[in-house]
Amino acid sequence: MKLSKVQKQKIEFTKKIVTRIVAYFVMTALAMIGTGTIVGIDMWQAAMMAGIAGVAQVVEGLARAYVGDGNLTAEEVDQVFNAAPVKK
């Protein structure tokens, strides 16, 4: 089955979003590992809680952008990820 150019672009766009979500999960999870151990939570639990909370925030932003007009542009995706808190 051959995919059209538009279908290929949509697949690549989706892959990019999923990859960024995974990266955001890792970033937020790793940031909380040390904190979790200080307060007595297992490392994996602290990482999962932080990662899931961070991803939920990003997914909510993507959903809000999509609901507005039923479209999700690259600019809207960038705005959502850029608005997510990032430690520098």
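Select F13 and show what surrounds it: apart from neighbours within four places in sequence, F13 touches L72, T73, A74 and V77, where contact means heavy atoms within 4.5 Å. This is a predicted model, in which local features need pLDDT of at least 70 and side-chain atom pairs count only at pLDDT 80 or more, while totals for chains, interfaces and linings use all residues. Residues are numbered from 1 along each chain as its sequence is written, and side-chain values use heavy atoms, leaving out hydrogens and water.

Stay on F13, which is part of helix α1; helices are DSSP runs (H or I, at least four residues), numbered from the N terminus. Now pick the C-alpha atoms of F13 and V77: they are 9.9 Å apart, although 64 residues separate them along the chain.

Next, select V18, also placed in helix α1. V18 has 47% relative accessibility and therefore counts as partly exposed.

Move on to helix α2, residues 43–69. Its 27 residues should span 39 Å at 1.5 Å a residue, so the 40 Å between its end C-alpha atoms agrees; the expected span is 1.5 Å times one less than the number of residues. Colour the buried residues of α2, among them A46, G54, V58 and L62. The buried residues of α2 pack against α1 (5–38) and α3 (74–83).

Finish at G70, which follows α2 and has a positive phi, near 75 degrees.

Technical notes. Helix = DSSP H or I, 4+ residues; strand = E, 2+ residues; numbered from the N terminus. Buried < 20%, exposed > 50% of the residue type's maximum accessible area, 1.4 Å probe, protein only.
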